[in-house]
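Here is a brief report on one protein model. Start with the sequence and the fold, then read on.

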Amino acid sequence: MKKIEAIIKPFKLDEVREGLAEAGITGLTVTEVKGFGRQRGHTELYRGAEYVVDFLPKTKVELIVGDQDVERVVEAIIKAARTGKIGDGKIFVSAVEQVVRIRTGETGDSAI
């Protein structure tokens, strides 16, 4: 099993969710986060005063999938989240040792 974490632009969330649904994914977790990468934030003008926004709003999508589904899911996220501009985000894939469904006590792939 693998955990896939994707940091994406907030306005791309619906497209990513739809792409994952088409890829057969039934569950995911979404968190509003802030951060920056190479773009290092940006400068904005508010009521005539210029100020620096250090952390940009992002959306973090997390899901657990079987090993056989990783490539399909990563491709679905890339296809849905890509704008071609800086700040499109990142995808992290890491190993998951164990999953337990609290309600039933199921473990492993059946608990996903």
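## Terms and model

Helices (H or I, at least four residues) and strands (E, at least two) are DSSP runs, numbered from the N terminus. The model is predicted.

Four strands make an open sheet, ordered 2-5-1-6, with antiparallel pairing. Strand 2 (29-35) and strand 6 are the edges: each has a single partner strand, so one side of each lacks a neighbour in the sheet. On average, neighbouring strands are turned by 20 degrees against each other, direction ignored.

Strand 1 and strand 6 run antiparallel and are joined by seven bridges. Lys2 has Ala95 in strand 6 as its bridge partner.

## Helices

Helix 2 packs on the sheet and touches strand 1, strand 5 and strand 6. Its direction makes about 5 degrees with that of strand 1. Helix 1 (residues 13-22) lies across strand 1, strand 2 and strand 5 (56-65). Helix 1 runs at about 10 degrees to strand 5.

Glu5 sits in strand 1 (residues 2-8). Its relative accessible area is 17%, under the 20% cut-off, so Glu5 counts as buried. Its side chain makes a polar contact of 3.1 Å with that of Lys60. Beyond four places in sequence, Glu5 also touches residues including Val61 and Ile91.

Asp88 lies in the loop between helix 2 (70-81) and strand 6 (89-95). Asp88 is buried too, at 18% relative accessible area. A polar contact of 2.4 Å links its side chain to that of Thr83. Among its other contacts outside four places in sequence are Ile7 and Lys9. Lys58 is 30 residues from Asp88 in sequence and 9.5 Å away in space, C-alpha to C-alpha.

Definitions and conventions
Residues numbered from 1 in each chain as written. Predicted model: local features only at pLDDT ≥ 70, side-chain atom pairs only at ≥ 80, totals over all residues. Heavy atoms only, no water. Buried < 20%, exposed > 50% of the residue type's maximum accessible area, 1.4 Å probe, protein only. Polar contact = N/O pair within 3.5 Å; in protein donor to acceptor, adjacent residues only side chain to side chain. Contact = heavy atoms within 4.5 Å. Pairing = 2+ DSSP bridges. Axes fitted to C-alpha atoms, helices over the stretch in contact; angles between N-to-C directions.
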